[in-house]
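Take a look at the chain below. We will follow a few charged side chains, then turn to a pocket.

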Amino acid sequence: QINKPANNSSVGGLVSIEGSAYAVKNFRAYQVSVGAGLAPTTWSELRNSAQPVQGDVLATWPTAGLPESAIYTIRLTAQDIEGGVSDAQVSVSIDNLAPAKPLGLQAQLSGSQDVSLKWAANSEPDLAGYLLYRDGQLANQIDPSDNSIAPYLLSATNYVDKARPDGTFVYTVVAVDKANNQSIASDPASVRVDNRAPQAVI
């Protein structure tokens, strides 16, 4: 079975095709292929492997250069040594157009340590959300080693970055669509937090 990408979804860039191809016994091999249209007459093989896979990456598919909005079908075929064959298919559309650069990012202190941010909404119909960066790192990311972006997408066009220590912070926003295409970063907005007590020296 193919778990990702989902049927009738949009994809772009280097697509990770994920799912399962295995048998309890007598597994022989699996093949992942792609073809143009909803009912391809010819297929291009992406991977042929004798290694069973359960809930992991089956193959990758580079989509750069393919026609925008074109429909393709991904096919997974699994075989056992007795000659049994099963397959699964999903259809996807190509989307390699990035969203527009977000505009109007503003940052200002809210209270003594919180930073209030807002920006103008993008108009793309396939927009998935926004990534907010503070000094080059995702502002809402808990684990810096986490390379995924989906958990950190913001659907709103405002955010409060709470309890910042003293210092100057620079923010940018990136728009992301449902095919994971990312815009160029917004113009930066900076804010300074300074809660140090004043000093007097005689």
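**Charged pairs and a pocket**

Lys 101 is partly exposed because its relative accessibility is 29%; buried means under 20% relative accessible area, exposed over 50%, and partly exposed in between (1.4 Å probe, protein chains only). This is a predicted model, where local features need pLDDT of at least 70, side-chain atom pairs count only at pLDDT 80 or more, and totals for chains, interfaces and linings use all residues. Residues are numbered from 1 along each chain as its sequence is written, and side-chain values use heavy atoms, leaving out hydrogens and water.

Side chains of opposite charge can pair when their charged atoms come close. A salt bridge here is a side-chain nitrogen of Lys or Arg within 4 Å of a carboxyl oxygen of Asp or Glu. The count comes to three salt bridges.

Lys 101 pairs with Asp 187 in one of them, at 2.8 Å from N to O. Asp 161 and Arg 134 form another, at 2.7 Å from N to O. Both of these residues are buried.

Asp 161 also forms a salt bridge with Arg 164, with the closest N and O atoms 3.8 Å apart. Arg 164 counts as buried because its relative accessible area is 15%.

Now the pocket. Which residues lie nearest the centre of the largest pocket? They are Lys 4, Ser 10, Val 11, Val 15 and Asn 180, out of 13 lining residues. A pocket is an open set of points on a 1 Å grid over the protein atoms alone, where a 1.4 Å probe fits, with protein on both sides within 12 Å along at least five of seven lines; lining residues have an atom within 4 Å of a point.
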